[in-house]
Amino acid sequence: MRYFNTYSRQLEEFTPRGPGSREIDMYTCGPTVYSRAHIGNFRAYIFEDLLQRHLELRGYQVHRVMNITDVDDKTIRGAREAGVPLQKFTAQFKEAFFQDIETLRIKRADEFPAATEPRYIERMIGMIKTLIDRGLAYEAEDKSVYYRINKFPNYGKLAHFNLDQLQSTGRVKHDEYDKEHIGDFALWKAWDEEDGDVKWNSPWGPGRPGWHIECSAMATALLGDQIDIHCGGVDNIFPHHEAEIAQTEGVTGKQFVRYWLHCAHLLVDGQKMSKSLGNFYTLPDVLEKGYTGREVRYALMRVHYRAPLNFTWDGMKEARESLGRIDDWLERLRGIAKEANLEHSTSNAQPPIEESEFEKALDDDLNISGALGFLFETIRETNRAMDHAELGADTATAWLSWWKRINEVLDVEKQDGAVPADIAKLAEARAQARLAKDFRKSDELRDELDARGWEVRDTKDGQKLTRRVGV
Ligand SMILES: [Zn+2]
């Protein structure tokens, strides 16, 4: 198994930190909850999901942490503009995020720490104190604390540049006039009026943590000083992940991360997604056009994670067609496998398909297009054999059990209409709200069910839930 490590810019054989260990620690930068996440964000989360599932296919146990950034410049600005407290403002987007990952069948991380939890704020302050003691950070005149990047020799190694180049990047902000070096980044931001009541006490006075230190504190709190894999989008490489290394290694003196994996951008119709271009989509925007969660999942997954993905409506149609081919294929195989069971014919028993080009392609830096290429080649060949009644029941059974295994990685199979427990709970809450004539609440719950792919209709004897086809 090999993955491309951003740190070395090379494909590296993957070995876990502990020799012979089957346990992997993975940290993935999660959403900043100031608005609903867009499909570009989900491309990165789906890549991370694929990575986790590939490791699990190969027998590793993955302990994954995904943080929630619920305090930073954007969340504070959003809460101020909406005129609501920060917690209340971020709660709605946190909830929307969890709905979206469910619709997209993204495995939940083992932990979703939020930056504002007191234990993490405490830890951030502790780390900043240590960095100051070691001369790696300093308190500026404005009572903010900055990282002294000149003192960390490895600064720039992840993004592959040296400090002199930083002078010309033009990252100057008018309110950061008292930094020693233009590239020094804030660990602690002194409170100012714009922050309203968002503040914590610290040895440097009231203020709030910088975004980068949040991840260093949450990652080490939950996974320890050293972790196997750290992921994010390419836009996280600099300054965010560069800063995470400087902060964490500045405190622990140990190598923080063994493998850095980054997912490329998502384009829409060949352009950068932006609100002003009108090509900015959230998941509900795509569902509204009649697509399902699994179709979006497939469309966002099928391109190699290091290649830019161009999202188009034609691409969505293709995703739907591809899944239709898989559905039809499975139905045919199941038909043949079932007939044979009835006849008890077990001659020419086909051994299970243990290992295929699908798994091997994924072993090669998650080559998903190679893996899917093999799947569709298999579908073509077995369909041809079925057309000529040349595919036996045992072969059909063998392919079905192979599919079951690889679908643990893809997770794109059509699901039946059974109502999951949490959906049933939402529906029940909606029924109660209607009884109490709280129609605002019941509408909200209907929208939530809708966002999760369930349509609810009122009938004489209550409400009827239907899953949108193919979700
Ligand atoms: Zn992060």
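Predicted model: local features only at pLDDT ≥ 70, side-chain atom pairs only at ≥ 80, totals over all residues.
Select C215. C215 is buried, at a relative accessible area of 0%; buried means under 20% relative accessible area, exposed over 50% and partly exposed in between, with a 1.4 Å probe and protein chains only.

Residues are numbered from 1 along each chain as its sequence is written, and side-chain values use heavy atoms, with hydrogens and water left out.

**Stop 1: the zinc site**

The zinc ion is coordinated by C29 (SG), C215 (SG) and H240 (NE2), at 2.1 to 2.2 Å. Donors here are N, O and S atoms within 2.8 Å of the metal (3.2 Å for Na, K and Ca); water is not among the atoms, so sites may look incomplete. C29 and C215 link distant parts of the chain, 186 residues apart. C29 sits in the loop between β3 (23-28) and α1 (39-57), while C215 belongs to helix α6 (residues 211-223). Helices (H or I, at least four residues) and strands (E, at least two) are DSSP runs, numbered from the N terminus. Along the sequence, the donor spacing reads C-x185-C-x24-H. C29 is buried too, with a relative accessible area of 7%.

Now select C231. How far is the sulfur of C231 from the closest cysteine sulfur? The distance is 9.0 Å, to the sulfur of C29, which is too far for a bond. C231 is buried, at 0% relative accessibility. The structure holds zero disulfides, a disulfide being a pair of cysteine sulfur atoms within 2.5 Å.

**Stop 2: a cis peptide**

Move to F238 and P239. A cis peptide bond joins them, with omega about 0 degrees. P239 is part of helix α7 (residues 237-252).

**Stop 3: D100**

Select D100 in helix α3 (residues 86-103). Is D100 buried or exposed? D100 is buried, with 1% relative accessibility. Show its neighbours: leaving out residues up to four places away in sequence, D100 touches R36, F42, L283 and P284. Contact means heavy atoms within 4.5 Å.

**Stop 4: the hairpins**

Go to residues 2-5, strand β1, and residues 10-13, strand β2. The two strands pair in the antiparallel sense over four bridges. Strands count as paired if DSSP finds at least two bridges between them. R2 has E13 in β2 as its bridge partner. Four residues lie between the strands of this hairpin, and R9 takes a positive phi near 55 degrees.

Jump to β14 (residues 454-459) and β15 (residues 462-467), antiparallel over six bridges. β14 and β15 form a hairpin with two residues between them. Find V456: opposite stands L465 in β15.

**Stop 5: a three-stranded sheet**

Select β11, β12 and β13. These strands make an open sheet in the order β12-β11-β13, with mixed pairing. The edge strands are β12 (271-272) and β13 (309-311), each pairing on one side only. β11 (residues 266-268) runs antiparallel to β12, joined by two bridges. L267 has K272 in β12 as its bridge partner.

**Stop 6: into and along α12**

Begin in the loop between α11 (357-363) and α12, where D365 lies. D365 is not a glycine, yet its phi is positive, about 55 degrees. L366 is in the loop between α11 and α12 as well. Phi of L366 is near 55 degrees, again positive in a residue other than glycine. D365 is buried, at 2% relative accessibility. L366 is buried at 1%.

Continue into α12 (residues 368-387), a helix of 20 residues. α12 reaches 28 Å from its first C-alpha to its last, close to the 28 Å expected at 1.5 Å a residue; the expected span is 1.5 Å times one less than the number of residues. Which residues of α12 are buried? Among them are I368, A371, L375, F376, I379 and M386. Just after α12, stop at A389, with a positive phi of about 50 degrees.

**Last stop: confidence**

Colour by pLDDT, the predictor's confidence in each residue, from 0 to 100. The protein chain averages a pLDDT of 92, and 94% of the residues score at least 70. Then select residues 168-175, where pLDDT stays under 50. For this stretch the model has seven contacts beyond four places in sequence.
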